Each structure stands twice: as C-alpha cells, then as structure tokens.
Amino acid sequence: MRSHRLMAVAGILAAVALAGLSGCSSSDPVSNWTAGDPTDPGFVAIQDGVNTFIDSTLQYVDNGFSTQGMLISGGVIEPPSFVPINLDSDVVVTTYNANSGWHEIYVTRTALSYGANWRDSVQFRNSDGQYQQNPSNTAEFSYRHHLGIASHDTTVSSFKFDGHSSMEFSGINTNTGTVDGAHDWSFWGKAVTVDSTAWHWLTFNSNINSLAFTKNGSEWIKPPVSGSVTATLEHIYQKGDMAPDTTSWNVNVHFGSSTTVIVTQGDVAWSYTYGE
C-alpha cells in the first residue's frame, strides 16, 4: 500500500534523472506573461518532476486520510494496519505519547540496492479540539510524514530522495474534509553511461491551500474538488566537467473540475492539464 506507492514515486524520479535531462537559463520577472513553448528543453527537463511532485503530494494526503483506518492495540498502532511490513527487511517501532496525544511509527528498510526510512506522526482530535488515542469519531487531526530513500552504491547510477510533509485535516466528521499545510522534497540522481556521468537535482518547497475533498460513504474521493498547491522549484543539472546549470521555477496547481498546472520562469508561463 503506502510504502509501495512511495517507492514508485522515487522510482519515477530516478527514471527522470537517468534520462540525462538538461536545463535552461532563467529570465528576469516582468509583469506580462509570455506563453512558453511546450518543447522548450528547460521546461521538458522539469515537467516530469512537477507531475511527480503533484503525484506525491496527493499520495501523502491520501496517506493522511488512511490513518483513520489504523488499528490500535495495546494503546499503539498495529503496524500492518498502517504500512506493509516485510519481516525480512523492516524494523518497525510504534509509540504513543499520552501527554501530547501523538502516535509515532518508525520504519527502517534495508533492501538489496537501497535503504529507506520513514517516520509518520498523527494526532487525532475530537470536535472539542481535544486529542484522543483512537481514530474513531475524529473531527480533525494533524499529520506529519518523513520519507528518506537512498541507493547503497553511489559509484554507479543511483539516487537519493528526502520528503517531508506537515498537514492539518479538518471537517473529518462531515462530508467535506479540508487539508492545509506544506509538502517539501528534494531529489538527487546520478546517471552513469559508458561515455559520461550526469547529475540531476530537484528541490520543491510548497504550500497546500484549502484542498477540499468529498466523501462517499467512508471513502474520501480523490482528487480534491477545489483548492491549490503553490511551489517553488530549483533544478540543477551537471554533465561531466561542465559547470552546473541552475534554474528556478514557480508552480501553481489549481484543483476543480480538472487540475490546471501553471509553471512560470521569469516572464514566461506554461499551462497544461494534469493527468492529460
């Protein structure tokens, strides 16, 4: 479930890095926008990363909603109800702090080619704003997430991912839930071929603004029906002994009947529909 999807996100990012994409120079911002060429090499270099960032943001929100289905046994989370456990590779620790109302789950995974660790924290609250140990009858909750994944061997094609989320969920006891917060991540990739080595960095810092979700029975329907995510992106590309090429971008994602993505750099703007 959760870990498999997040590993898939990192895998997509690794594929982006291994493609050996290049960047372009940034422009000075002016008041009037110029429509960007969708085949512009700089935009092409970051579009997959932007889409993967949107994927991961929605996935982390979905992970937050899924905490309502956790099972509590002996006062702490039962790990299998929260994350798929591989007994051969995972070390899992769960705790509950009765003084603060926070559940914590720590997972460390050692696989053949990579290592991973994640820490999730959740605090459930009732309609009076008082924290509670059990997720049943939750009116609102706070969710914190960290995921780190890194290749063991960095002398060959490899990658490293680090993601953090801090989200507030409200209206959970109604048919319309709202999510606000922040979602940030950084990605480093190295692509080694017979005749060259290239490095690729992506860093996103974002704000999640009033994402509204509707409920069908007990299931929250994705994607959100309204709200937005705004982000800044820094992209660095280096090949061999060449000087690093650094570009900065702004990303605005607007949710509604469709999901519109607007990427800007200086006075140039690219607009497209996410998922199409």
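**Salt bridges in a predicted model**

R119 is partly exposed, with 39% relative accessible area (partly exposed lies between buried, under 20%, and exposed, over 50%, with a 1.4 Å probe and protein chains only). The model is predicted, so local features need pLDDT of at least 70 and side-chain atom pairs count only at pLDDT 80 or more, while totals for chains, interfaces and linings use all residues. Residues are numbered from 1 along each chain as its sequence is written, and side-chain values use heavy atoms, without hydrogens and water.

R119 forms a salt bridge with E104, with 3.0 Å between the closest N and O atoms (a salt bridge is a side-chain nitrogen of Lys or Arg within 4 Å of a carboxyl oxygen of Asp or Glu). This pair links strand β6 (residues 114-125), which holds R119, to strand β5, which holds E104, 15 residues apart (strands are DSSP runs of E of at least two residues, helices runs of H or I of at least four, numbered from the N terminus). E104 is buried, at 13% relative accessible area.

The structure holds six salt bridges. In one of them, K222 pairs with D62 at 2.9 Å between the closest N and O atoms. K222 lies in the loop between β12 (219-220) and β13 (226-239), and D62 lies in helix α2 (residues 41-66), 160 residues away. K222 is partly exposed at 36% relative accessible area, whereas D62 counts as buried at 17%. R109 and D90 also meet in a salt bridge, at 2.7 Å from N to O, and both residues are buried.

Overall, the protein comprises two helices and 16 strands, and 45% of its 276 residues count as buried.
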